[in-house]
Amino acid sequence: MLSVMEAPTVFVLIAFSSIAHASVPNFAKLYRETEDLIELSKTYHRLENNDEYFVNFDHSKKPLYFGAFDFIVVGAGTAGGIVANRLSESNFKVLLVEAGPQDPDTASVPGLNGYFFNTPLDWGYNTTEEDKICLATIDKRCIYPRGKMWGGTSSLNGNVYSRGTKWDYDAWAEKVGNTDWSYENVLPYFKKAERAMFKIDLDKSYHGFSGPQRIDLLEDTPGLTTMLLRAFKERGSIEQDYNGRNPYGVSRPQNFLDRNVRAGTAHAYIRPAANRQNLLISDNSLVTKVIIANDRAVGVEFVKKGKLYFAQASKEVILSAGAINTPQILMLSGIGPSQKLIKHGIELVKDLPVGQNLQDHIAVYPIFFRTHHTYYNLTLKEQLRLWYANRRPLTAAGGKQVISFRNLEDDTSSSPDTEYIGTGPTAIGSKIATGNRFNEEFTAAYQILNEHTDFSFQVFVLHPESKGELTLQSKDPRDYPLIDFNFFAVEKDLETLYRSIQWILEIQNTKAFRNFRAERLFVPMPGCDENYEIDSKTWWYCVLRHIGSPGFHPIGSAIMGSGPWNSVTNPELKVHGIQGLRVADASVIPVTIAGHTTAPCVMIAEKVSDLIKSEHGQ
Ligand SMILES: Cc1cc2nc3c(=O)[nH]c(=O)nc-3n(C[C@H](O)[C@H](O)[C@H](O)COP(=O)(O)OP(=O)(O)OC[C@H]3O[C@@H](n4cnc5c(N)ncnc54)[C@H](O)[C@@H]3O)c2cc1C
Ligand SMILES: *[C@@H]1O[C@H](CO)[C@@H](O)[C@H](O)[C@H]1NC(C)=O
Ligand SMILES: *[C@@H]1O[C@H](CO)[C@@H](O)[C@H](O)[C@H]1NC(C)=O
């Protein structure tokens, strides 16, 4: 632990928060904390700004000096926690600044993730008002969960380990004009991070077996998992490893999982490094600005418990605050589109397309089925007992059963455009599938579902063409940024989603489904059912505009590219025209990925850490 002479109170808090918790907590304590989490999520009013950091804040005071470091990493999230771990393996002095606290024990239980969206451990963001999607939600704004704790969004996400395909990374390399990002060149970093613990459908040469991040399969849900695998196979999918040579087919999902414990960045990288003498973690600290002098990043300002601090970086500042907050911090620091910064009275440091090129997958749970079985009709206590024994339902986030990638044109020589996740019972009741984001009418309609008998498919559009924008509300760091994805602006995205649903609808006619006696269950769709013939194309378009949702895989808001005319960072993730400033998180991803975004962030973090170390002589 470094000494922070100027800020003794901070030091005490940090020392406390750095004590690693046991990976499997005591039952009675976890049970109590789970009850509290569930209760809190029912009554909690989500945050609407960053005011909590500024209580008793004195604007006239100059920042307190927090100390000097070789590197400052902003955000102890998915990517940032990894960068901080890797840099502090060498004898660099590293400061990791995180807005949230340490992740609680309950975050170790994957199946509880939905509750976190309604707690202070989530930023509580919404998208701006939509007119083509999320029409079934309150105020026509989609919720946009983002973790605010050690591990960031990897501490509350769906836990699916899916890297994307060789076509995606080769397109990435081509777009940024640098083959370092080709599949061949990024694959070693996926392997470096990974410790594959599973055997079924494992394409060995594509996996790592000695990295910090354990990847594993879940136990099957009796009858259901194998029935779904059979149904996909009847529809022509082969069973194999989607992270291996060929992504096309069907398989059991691979998860960030250490036996029963969520193995996100907090578990795999931060806690193992937290007691290093040369790593200081300052949590509950909101970074408001990168300080730039003569086009060089010299440190950051952050607010903690109402006090403003300045921490100095002698080598580099690395922004890993995620695809929503990294562009916000850049713009607050004077780096962004000149017109927009000037409009808010921010002094321009560098004119770059920050916040542009914001993209996300589109996701929906469009169809439901009822079985003649009862699954997991258990008390919370019973469910937690099963979790300790590495059993479902709580080992799975969102009740995942099977995963499948497809190309609608059946072109298996290019990237898949559609993904299906069979989500079993319990997902039905989760906040993701039916959540509190729906308005009263739709919430009432979804009451028809039974979380112990019903299952569903989640369908993703993997390469949507619609692009949006992230902008500031004002120059005040207390204000949340405006998140506008422009979903379905390109109507082809809606058509793609419709067509992928047509394919999965056919699955009800398989022998597997018929033998299982799984029956389609129609949730009433107010506004659509009365106006259009059910299952017609116009009905589906109406339904998808209402219940379609962001995929929560934001990318591109500090996009990587060849020069300042088309991007924010170069292929070494350095912000164009600024010395000592890099971005390492999902914001740099320049192309949509046929996979989920955690694994790509892990790869980016591992790769940039190597790059930084070698540039600084390690
Ligand atoms: C509900 C949900 C389900 C998902 N499911 C999956 C899945 O199953 N599989 C998958 O691969 N991906 C999934 N994702 C996406 C994936 O989790 C994210 O893309 C990924 O975690 C992003 O990593 P990141 O490093 O870019 O940002 P984050 O992990 O969000 O890290 C950013 C960190 O920076 C901190 N921070 C932000 N601003 C500041 C500031 N001003 N000062 C200090 N600290 C700050 C944040 O608190 C956070 O800890 C899901 C996402 C969501 C929301
Ligand atoms: C998000 O939307 C909900 C529901 O309309 C609202 O209560 C909340 O204040 C919004 N939060 C923000 C940050 O806009
Ligand atoms: C679950 O158990 C409760 C209490 O025993 C019972 O009332 C309910 O009908 C069961 N649900 C299902 C789907 O079997």
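**Close-up views of a predicted model**

**View 1. His-596 and its surroundings.** Beyond residues up to four places away in sequence, His-596 touches Val-160, Ser-162, Glu-419, Ile-421, Phe-460 and His-553, where contact means heavy atoms within 4.5 Å. This is a predicted model, in which local features need pLDDT of at least 70, side-chain atom pairs count only at pLDDT 80 or more, and totals for chains, interfaces and linings use all residues. Residues are numbered from 1 along each chain as its sequence is written, chains are lettered from A and ligands numbered from 1 in the order in which they are written, and side-chain values use heavy atoms, with hydrogens and water left out. His-596 sits in the loop between β24 and α16 (598–615); helices (H or I, at least four residues) and strands (E, at least two) are DSSP runs, numbered from the N terminus. With a relative accessible area of 8%, His-596 is buried (under 20% relative accessible area, with exposed over 50% and partly exposed in between; 1.4 Å probe, protein chains only).

View 2. Look for His-553 in the loop between β23 (549–550) and β24 (581–583). His-553 is buried too, at 10% relative accessible area, and its contacts include Tyr-144, Asp-360, His-361 and Phe-460.

View 3. Asn-157 lies in the loop between β4 (143–144) and α5 (166–176). Its 15% relative accessibility is why Asn-157 counts as buried. Neighbours within four places in sequence aside, Asn-157 meets Asn-113, Arg-262, Ala-397 and Thr-598.

**View 4. Val-287 in its strand.** Val-287 belongs to strand β11 (residues 286–293). This valine is buried, with 8% relative accessible area. Among the residues that Val-287 touches are Val-74, Val-97, Val-300 and Phe-302.

**View 5. Stepping back to the whole chain.** The protein chain holds 16 helices and 24 strands. Of its 618 residues, 64% are buried. Its C-alpha atoms fill a box of roughly 70 × 50 × 50 Å along the principal axes.
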